[in-house]
Amino acid sequence: ADANVLKTLHDWVDVWSSQDVEKYLAFYSADFKTPNGENRNDWENSSRVRISMPKYIEIHISNEKVTFPDENHAAVTFHQSYRSDYINSSFDKFMLLVKQNGKWLIQEERAAK
């Protein structure tokens, strides 16, 4: 089970790095808890800009830890370093994934406390 969750996470990183917006958005569940409580369309529109604007995006993740609150949810913490021609950032992240139709989708994503 860990392996499937980590594969999803690494696929998400690859898609984000390749700046494929549609594939990136497909990683998020319909009930994704948007970072600032904005509606899904607004969040998707700002994501499109955020992902397509930079000339390049490089993302590396490390120190991944997976726990399962229940059989349909996975909580993941990891360290993310992000680099583009605009921003260079590095911080710990928390993600909650939900299993829907046999696929892991991102339900929540935020900086780890």
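Colleague: Is D11 buried, exposed or partly exposed?
Modeller: This is a predicted model. Buried means under 20% relative accessible area, and exposed means over 50%. The relative accessibility of D11 is 27%, so D11 counts as partly exposed.

Colleague: With which residue does D11 form a salt bridge?
Modeller: The closest N and O atoms of the pair are 2.8 Å apart. Both residues lie in helix α1 (residues 2–17), four residues apart, about one turn of the helix. The partner of D11 is K7.

Colleague: Is E44 buried or exposed?
Modeller: E44 forms a salt bridge with R40, with the closest N and O atoms 2.9 Å apart. The two are separated by about one helical turn because they sit four residues apart in helix α3. R40 is partly exposed at 22% relative accessibility. The relative accessible area of E44 is 17%, and the cut-off is under 20%, so E44 is buried.

Colleague: Which residues are linked with E44 in a network of salt bridges?
Modeller: E22 forms a salt bridge with R48, the closest N and O atoms being 2.4 Å apart. That pair links distant parts of the chain, with E22 in helix α2 (residues 21–25) and R48 in helix α3, 26 residues apart. The residues linked with E44 in the network are E22, R40 and R48.

Colleague: Which element gives the most to the lining of the largest pocket?
Modeller: The pocket holds about 520 Å³ of space, and 28 residues line it. Elements that each supply at least two lining residues include β1 (28–33), β3 (73–84) and α3 (40–52). With five residues, the element that gives the most is α3.

Note on methods: Residues numbered from 1 in each chain as written. Predicted model: local features only at pLDDT ≥ 70, side-chain atom pairs only at ≥ 80, totals over all residues. Heavy atoms only, no water. 1 Å grid on protein atoms, 1.4 Å probe; cavity = no way out; pocket = protein on both sides within 12 Å on 5 of 7 lines; lining within 4 Å. Points joined across faces, edges and corners; volume = space filled by probe spheres on them. Salt bridge = Lys/Arg side-chain N within 4 Å of Asp/Glu carboxyl O. Buried < 20%, exposed > 50% of the residue type's maximum accessible area, 1.4 Å probe, protein only.
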